[in-house]
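Open your viewer and get ready to click along. We will stop first at the ligand and then at a helix.

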Amino acid sequence: GIKVEALGYRGTWGQQFSVMGSVEKSDGEWDFNWCDVGWLRENFDHAYMEEHVRINHFRNHYELTRKNLMVKNLKRFQKNLEKDMGRTEASKCDFFPSTYAMPSEYHLFVEEFNRNPGSTWIMKPVAKSQGKGIFLFRKLKDIIDWKKDRSRSEEQKDAAHLDSYVVQRYIENPYLINGRKFDLRVYVLVTSYVPLKVWLYRDGFARFSSSRFSLSTIDDKYMHLTNVSVQKTAPDYDPEKGCKWQMQQLRRYLTAKYGREVVETLFGDMDNIIIRSLQSVQKVIINDKHCFELYGYDILLDHNLKPWLIEVNASPSHAPSSQEDYEMKYGLLEDTLNVVDMEGRLTGQEKRVGGFDLMWNDGPVYTEDLNLQTFGSLSFTANTHLGCVNDREKNLRQLLKPFPLQKKI
Ligand code: ADP
């Protein structure tokens, strides 16, 4: 059996792994470790790992998953693109709202703030999650008071930790459905940074806020923050109805409203966000053959159906909010293990494993059947199917030969 060590796992861990086989913990030895990032920080550097061992984070995952570092890496990547390939290419990275690290870039922020009178900004702690510590503001005075309070309370603390917030342009025109704001959760599995190998999961969801959106109040977190953990505490939250739409439902809704072409452009733009954000850290992340990472991307659509990257999570929640959500996350984790393939059941040439489609393999991956266009030229279609049918079980039956023990005699 495979020895598995599971630490700090949120959600339905035990059940997930009974699918895999035996769960053994003995004398701290493991073959597969689904750990939290705290464990990684303390143990990774001292751990001796045999060839076959796998672990679910890269050593310095925070280069992408901490809000300030993600933006720093994206800005640098965009600048280099502009230098090497020109403006047009660099403009393909225009998918993150203008962001400044606080307090180190305070003066740069003030300059931009003054250039955009009346705009709304959002202040976020870099290393927190679930909407904690976030607030919106429109007046510089609000943040000056906040800065004073903070410097008073943090005087004793280590100066190295000072850059603990980012201030970001608030997207004031989110795309609304039934008057409500939502953001998207997209799952992306990276199995290698050098060469870059990326898988996109077909399922995901939209998280809605429970109050109708309006810019007339900026203090209402139930209106402006779409985190499930925030919405769950709303006074009128209905656990039966929840606040989620599956990605398939959203894709169908948008297709019915705008047609296939518009939706394909939108989903193509999301592919672009995923690949460029990963490329922006490709040279920074310490690549390691033992590591893989299942990221939770948070993407917000604006009124013009332009997707914006809000953040990338290293430990997306696996806690289910409904039966449907449970089944989706169960499949997601099972397929993550199928791609990681510790039992060596795959050939390594697969472009699809369950609900995961290979979207990047040291370059773009295209679907099997190249469409012959009317003009006689070949068109290449990206091998991504976010929000499309996820007939993962059928695919797995075809793909995975049964374990020897499961063969009928
Ligand atoms: P956390 O890590 O605490 O979840 P996020 O950066 O994901 O922090 O922000 C929480 C929520 O706030 C998001 O899900 C989104 O609804 C909203 N939000 C964050 N940044 C912006 C922004 N720039 N414009 C509009 N809404 C935002």
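A polar contact here is a pair of N or O atoms within 3.5 Å; within protein, one must be able to donate a hydrogen and the other to accept it, and residues adjacent in sequence count only if both atoms are side-chain atoms. This is a predicted model, in which local features need pLDDT of at least 70 and side-chain atom pairs count only at pLDDT 80 or more, while totals for chains, interfaces and linings use all residues. Residues are numbered from 1 along each chain as its sequence is written, and side-chain values use heavy atoms, with hydrogens and water left out.

**The ligand**

Select K124: a polar side-chain atom of K124 sits 2.8 Å from an oxygen atom of the ligand. Next, pick R169, where a polar backbone atom is 3.0 Å from a ligand nitrogen atom. At I171, a backbone N or O atom lies 2.9 Å from a nitrogen atom of the ligand. The protein covers 99% of the 550 Å² of accessible area that the ligand has on its own (Shrake-Rupley method, 1.4 Å probe).

**Helix α10**

Now select residues 247-258, helix α10 (helices are DSSP runs of H or I, at least four residues, numbered from the N terminus). Which residues of α10 are buried? They are M247, Q248, L250, R251 and L254 (buried means under 20% relative accessible area, exposed over 50%, with a 1.4 Å probe and protein chains only). Turn to the face of α10 pointing away from its buried side to find the exposed residues R252 and A256.

Key. Helix = DSSP H or I, 4+ residues; strand = E, 2+ residues; numbered from the N terminus. Expected span 1.5 Å × (residues − 1).
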